[in-house]
Amino acid sequence: MVKAGIFLLARLWPVLSGTPEWFWIVTTTGLVTMCLGAVVALFQDDLKGLLAYSTVSHLGLITMLLGFGTEETAVAAVFHIIAHATFKAALFMSAGIIDHEAHTRSIARLGGLRTLMPLTFGIVLIASLSMAGIPPFSGFISKELMLENASHATLGGMPRLVGGVATLASLFSVAYSLRFVFHVFTGRVASGYPAPACDPGVGLWLAPAVLAVLTALVRPTLRTVPRREAIMGDFSWGSQRIERSQAALTDTDGARTDVRILAARLRRGPQRRTRRGSTAPVRRAAAWAAAHWRCAGVRAETRTAPPA
């Protein structure tokens, strides 16, 4: 549910990205959210509060990547969605295990659980290292892609602003990840636990253990897109798409044939549902509109052509 807004941004990305408004609004919102969420997470006493605000920070990271507007950053955003789902789900389940066994989620009251709950400690350690962006886990790959692209972004005429703020937020993410591990599991065993803590049964630790293994195995499989020299520096990507669209509209060869083919397809009604789902009617309507304008160009040329 927390990624519903991210899903909407990803769906709008092919249509709206590549414009100055998209870059300024989405990138700035994501950058501020990523930094503020990381700072607030660092000072949380409740385990789930720490994880919740860290989720806010990571959603800001994904938003910023989508705001950059390039294909490479879109690939990085999708991969971080998958990586974040694995390690954050494992950590939330582990926080539930700690609450179930120790009957408290307060970091101030927890400590030394490594000797009492070694299996849970291993799960939390792997997931926290991935959240911090430590290699070789999946969180390292997505965060490295983010930092590389942020270092090439220019916002407000300042080429190092985005990269500097993103690096600062990444340092805070390392801090709250290590705080989760060291304050809860290392040091002396805290006294005054409401109940004696120990590892739970397999029914509770199996699911987060599987997710912890996945966060160590997940790797990007999408094709690598060449990095651009500067992200949104002159908005050349959006301009190139507009130029290609205009070239397609002014291309008058075979326009009438295209209209007849499209009309026949539209008369056949809804097609079988494809992998793209509900976007098929939109694609058909866009193709019809393009052919209509191309045909209009043919008619205009016919009217203005000098007599032979």
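Where is His-103 found? His-103 sits in the loop that links helix 4 (71-102) to helix 5 (113-116); helices here are DSSP runs of H or I with at least four residues, strands are runs of E with at least two, and both are numbered from the N terminus. This is a predicted model, in which local features need pLDDT of at least 70 and side-chain atom pairs count only at pLDDT 80 or more, while totals for chains, interfaces and linings use all residues. Residues are numbered from 1 along each chain as its sequence is written, and side-chain values use heavy atoms, with hydrogens and water left out.

**Backbone points in the loops**

- His-103 has a phi near 60°, a positive value in a residue other than glycine.
- With a relative accessible area of 47%, His-103 is partly exposed; buried means under 20% relative accessible area, exposed means over 50%, and partly exposed lies in between (1.4 Å probe, protein chains only).
- Pro-135 and Pro-136 are joined by a cis peptide bond, with omega about 10°.
- Pro-136 belongs to the loop between helix 6 and helix 7 (138-150).

**Helix 6 against helix 8**

- Helix 6 (residues 118-132) packs with helix 8 (residues 161-185) at an angle of about 170°, and their axes are 8 Å apart.
- Helix 6 is therefore roughly antiparallel to helix 8; angles under 35 degrees count as roughly parallel, over 145 as roughly antiparallel, 65 to 115 as roughly perpendicular and the rest as oblique.
- For these values, axes are lines fitted to C-alpha atoms, for helices over the stretch in contact, and angles run from 0 to 180 degrees between N-to-C directions.
- On the helix 6 side, the contact includes Phe-121, Val-124 and Leu-125, and on the helix 8 side it includes Tyr-176, Phe-180 and Phe-185; contact means heavy atoms within 4.5 Å.
- The residues of this contact between helix 6 and helix 8 divide into ten nonpolar, four polar and no charged.
- In that count, Ala, Val, Leu, Ile, Met, Phe, Trp, Tyr, Cys and Pro are nonpolar, Asp, Glu, Lys and Arg are charged, and the others, Gly among them, are polar.

**Helix 7 against helix 8**

- Helix 7 and helix 8 pack at an angle of about 155°, with axes 8 Å apart, so the two helices are roughly antiparallel to each other.
- By class, the contact of helix 7 with helix 8 has five nonpolar, four polar and one charged residues.
- Ser-170, placed in helix 8, counts as buried at 10% relative accessibility.
- Not counting residues up to four places away in sequence, Ser-170 touches Lys-143, Met-146 and Leu-147.

**Ile-62 and its contacts**

- Ile-62 lies in helix 3 (residues 47-68) and counts as buried at 0% relative accessibility.
- Leaving aside neighbours within four places in sequence, Ile-62 is in contact with Ile-6, Ala-77, His-80 and Ile-81.

**Cysteines**

- The structure holds zero disulfides, where a disulfide is a pair of cysteine sulfur atoms within 2.5 Å.
- Cys-35 counts as buried at 14% relative accessibility, while Cys-198 counts as partly exposed at 38%.
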